[in-house]
Amino acid sequence: MSLFDYKYLNQTHLKGLNEYKYNAVDTSPVSIYVMQPFWNWCVEFFPRWFAPNLMTFLGFLLLVVNFVLFTYYDFHFTEALVLPQWIWLVAALCQFWSHQLDGMDGKQARRTKTSSALGELFDHGVDSWASFLFPICIFSVIGKGEDGFSPMSMHLLLLSIYLTFIDSHWEKYNTKVLFLPWSYDISMLIMTVTYLLAYFFTPNAFRFTVPILNVSFIRVVEYAWPICGVLSSIPISIAHIFESYRTRKGYNRTFFEAIRPLISPAILFVSSTWWGLASPHMILQKQPRLFMAAVGTTFSNIACRLVIAQMSSTRSEGINILLCFYVPIQVMSVYGLFAERTEMILLIFYNTFVTLAHIHYGCCVVRQICNHLKIHAFKINVGAKNLPPAQAHIKH
């Protein structure tokens with residue numbers, strides 16, 4: 001058996017994917033009046049043989065380019081003012097085209113009549129990892145220290161993004177409808193503009209005091225970012241879920257089954273924050289990039305498994321297997337069972353392990369779905385058109 005032939009999905013998952021129907025509601029003015037028309041125009045430049053999943057993957061790779069660049073030049077988030085100027089322009093271009101490719105992949109799928117459950121799973125799976133890659137790169141603009149974000153602030157800002165991401169899919173897990181958040185397109189455009197401002201005016205452009213409030217702009221961002229993100233998603237999702245129970249248009253699960261997808265994210269958020277606050281060797285302060293990468297990749301795996309559950313109408317898993325490795329390392333670190341060097345080595349080991357495990361999971365799941373639907377992930381084939389594609393219902 002090949003390394004990537006492991007069966008993560010059972011027959012219930014595959015049967016559910018056969019019957020899957022994409023049902024989304026997009027009411028964002030930025031999306032409807034700006035981005036959607038732009039994507040409709042841009043997608044016409046792509047040949048019809050260009051696979052939608054390839055667009056998704058290329059967009060993700062652009063984010064990886066940004067991450068690698070900033071990891072090499074600014075590993076500890078302390079070099080914002082001395083980074084080569086060209087990095088900001090490259091980051092802006094990668095950020096912009098990653099956003100556009102992510103927006104055009106679905107249009108290319110419908111244009112080539114190759115929409116499938118694999119396409120949405122691939123898109124949202126990549127997005128779950130991108131929810132770490134987007135902000136971790138922006139942190140290099142702001143920097144770390146008195147004039148920037150503290151490592152704990154960075155960690156909590158990332159958690160606020162993970163919370164809004166998992167919230168959307170938890171909402172769909174219960175309501176059968178994916179309500180696309182307004183904040184997504186706005187935040188993508190803001191990040192592109194941020195890189196451009198850093199390119200033309202250096203990151204010093206963000207180091208000023210806000211009039212009237214008499215506080216630094218970075219402090220305003222530090223609090224406005226999570227507050228706006230959480231308030232624009234969590235209350236609305238809860239309202240939608242209550243409405244689905246009232247009208248009986250959702251799954252009407254029991255309370256425990258309804259919140260089951262939140263168990264693993266809650267454990268990860270509490271465990272990682274506890275580790276960051278209580279590590280006797282201040283691991284978060286000394287190795288913020290490694291610390292946040294471990295949390296971000298673990299979260300992505302949790303989110304991917306929830307996406308599969310809500311798409312296949314199956315029961316969400318309770319506790320993610322990766323937490324069985326992460327939490328013991330965290331607990332033993334907090335209680336001082338490791339020397340400083342050992343704690344850092346374990347963090348590096350866990351990062352390597354969780355990255356390889358997540359890539360293995362993604363590759364195996366994609367291969368399994370491709371074999372089941374008799375399609376190729378990155379190639380449009382005629383055989384795919386003989387299968388019933390995932391129906392799309394997008395309400396604006």
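Arg260, Pro261, Ser264, Pro265, Ile302, Arg305, Leu306, Ser316, Glu317 and Gly318 line the second largest cavity. By cavity I mean, on a 1 Å grid over the protein atoms alone, a set of points where a 1.4 Å probe fits but cannot get out; lining residues have an atom within 4 Å of a point. Two elements give two or more residues to this lining: α11 (263-278) and α13. Helices here are DSSP runs of H or I with at least four residues, numbered from the N terminus. The top contributor to the lining is α13, with three residues.

A word on the source. This is a predicted model, where local features need pLDDT of at least 70, side-chain atom pairs count only at pLDDT 80 or more, and totals for chains, interfaces and linings use all residues. Residues are numbered from 1 along each chain as its sequence is written, and side-chain values use heavy atoms, with hydrogens and water left out.

Back to the second largest cavity. Its volume is about 60 Å³. Volume is the space filled by probe spheres set on the grid points, which are joined across faces, edges and corners. The lining has four nonpolar, three polar and three charged residues. Nonpolar covers Ala, Val, Leu, Ile, Met, Phe, Trp, Tyr, Cys and Pro; charged covers Asp, Glu, Lys and Arg; the others, Gly among them, are polar.

How many cavities of 30 Å³ or more does the structure hold? Two. The largest cavity has about 80 Å³ of space. Its lining includes Thr56, Phe60, Asp102, Asp127 and Tyr184. At least two residues each come from α3, α4 (85-111) and α5. By class, that is six nonpolar, three polar and two charged residues.

Now the second largest pocket. A pocket is an open set of points with protein on both sides within 12 Å along at least five of seven lines. This one holds about 560 Å³ of space. It has 23 lining residues, and Phe122, Ile359, Gly362, Cys363 and Val366 lie nearest its centre. At least two lining residues come from each of α3 (52-73), α5 (117-142), α13 (288-312) and α15 (340-373). Which helix gives the largest share? That is α15, with 10 residues. The lining splits into 17 nonpolar, five polar and one charged.

Next, helix packing. Helix α6 (residues 151-175) and helix α9 (residues 234-247) have axes that come within 10 Å and cross at roughly 5°. Because of that angle, α6 counts as roughly parallel to α9; the cut-off is under 35 degrees. Axes are lines fitted to C-alpha atoms over the stretch in contact, with angles from 0 to 180 degrees between N-to-C directions. On the α6 side, the contact includes Leu163, Asp167 and Trp170; on the α9 side, Ile234, His240 and Tyr245 are among them. Contact means heavy atoms within 4.5 Å. Six of the contact residues are nonpolar, five polar and two charged.

On to the rings. The whole structure has 33 aromatic pairs. Rings of Phe, Tyr and Trp (its six-membered ring) pair if their centres lie within 6.5 Å, and planes under 30 degrees apart count as stacked. Tyrosine 162 and phenylalanine 299 are stacked, at 4.5 Å centre to centre and 15° between the planes. They sit 137 residues apart, tyrosine 162 in helix α6 and phenylalanine 299 in helix α13.

Last, threonine 12, in helix α1 (residues 11-18). Threonine 12 and serine 313 are 301 residues apart in sequence, yet 8.9 Å apart in space, C-alpha to C-alpha. Leaving aside neighbours within four places in sequence, threonine 12 is in contact with Ser312 and Thr314.

Methods
Angles under 35 degrees count as roughly parallel, over 145 as roughly antiparallel, 65 to 115 as roughly perpendicular and the rest as oblique. Rings of Phe, Tyr and Trp (its six-membered ring) pair if their centres lie within 6.5 Å; planes under 30 degrees apart count as stacked, over 60 as edge-to-face and the rest as tilted.
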